[in-house]
Amino acid sequence: MNEDLKVNLSWLPQDHLEASSTENVSTAVSSLIPVVDPEPEFIVNPWDIVLCTSGTLISCENAIVVLIIFQNPSLRAPMFLLIGSLALADLLAGIGLIINFIFAYLLQSEATKLVTIGLIVASFSASVCSLLAITVDRYLSLYYALTYNSERTVTFTYVMLILLWGVSICIGLLPIMGWNCLNDESTCSVIRPLTKNNAAILSVSFLLMFALMLQLYIQICKIVMRHAHQIALQHHFLATSHYVTTRKGVSTLAIILGTFAACWMPFTLYSLIADYTYPSIYTYATLLPATYNSIINPVIYAFRNQEIQKAFWLICCGCIPSSLSQRTRSPSDV
């Protein structure tokens, strides 16, 4: 009789049970119901979503630039090779941000962390180095204007590309080769698994490259002002026209350098003073503007270029707008 009760009581309403057997019923019912642990909630960090979205936009935007330069044999001058290098580096950085999001929530392991951080560090290093190479190329094209378009310049450009990508790849391989903080969390930087020393070296290197870029752009600015003044004298332009042209060139250089500094400087300085004990929100808040630099780069360096604009219109609609084909280059287009 008791065995039948234990089997069937769970199917009866509680009101039909006798008061004398209430305790036994509760025990029987609880023994029949399996204990199920609550499933952990799948929570996605909103900052990771923003970074992944930024990576998607970076990838799409720079993929267009890489495709344009790759499909047009006429775009093989040193300047376009360096712009292509910048676009390729930013494209890989965007892909790295997307892969980081996927691995962080679907394939969590130490190996995936090392590979992802290696790809991101190598890509952003190549991007910053490409910006420096473009600055050097612009300075040389103005300082050695008569001999710039020569085989020597092309060779120098290939040497710069090999060096910057070689150094960037080596930097990206450091965490994979063992220079990481997976075994000693006390040495971690704000970006795990990079060590504090690794992050400090990258930050100092960035500051040195920024200082070199600043110096080169100051020299470029002087050359542009001198060229604009010479053109004004040769064509008997008014002083106002010379002032407007010079101011436009200086403003363009200021925007280029100011955008680069505004994007990267917060994260660079934060990496120098902070470590893994700081709240992660500060890391996200300073890293996100750095990714925006890869979104802005195609606009500044690629889509403003007349030849790339023409190639883009040819790919899209097979024609070149008359306003674009009649436009001439001015000294302010640096």
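**View 1. Helix α3 meets helix α9 in this predicted model.** Here Trp-47, Asp-48, Val-50, Leu-51, Ser-54, Leu-57, Ile-58, Glu-61, Asn-62 and Val-65 of α3 touch α9 through Ile-281, Tyr-284, Ala-285, Leu-287, Leu-288, Thr-291, Tyr-292, Ser-294, Ile-295, Pro-298, Val-299 and Ala-302. Contact means heavy atoms within 4.5 Å.

**View 2. How do the axes of α3 and α9 cross?** The axes, lines fitted to C-alpha atoms over the stretch in contact, come within 10 Å and cross at roughly 15°. That makes α3 roughly parallel to α9, a label for angles under 35 degrees, on a scale from 0 to 180 degrees between N-to-C directions.

**View 3. Is Ser-59 buried or exposed?** Look for Ser-59 in α3, which spans residues 46-71; helices here are DSSP runs (H or I) of at least four residues, numbered from the N terminus. Ser-59 counts as buried because its relative accessible area is 10%, and buried means under 20% with a 1.4 Å probe, protein chains only. Beyond its neighbours within four places in sequence, Ser-59 contacts Leu-91, Gly-94, Ile-95 and Ile-98.

**Notes on the views.** Residues are numbered from 1 along each chain as its sequence is written, and side-chain values use heavy atoms, without hydrogens and water. As the model is predicted, local features need pLDDT of at least 70 and side-chain atom pairs count only at pLDDT 80 or more, while totals for chains, interfaces and linings use all residues.

Definitions and conventions
Helices (H or I, at least four residues) and strands (E, at least two) are DSSP runs, numbered from the N terminus. Buried means under 20% relative accessible area, exposed over 50%, partly exposed in between (1.4 Å probe, protein chains only). Angles under 35 degrees count as roughly parallel, over 145 as roughly antiparallel, 65 to 115 as roughly perpendicular and the rest as oblique.
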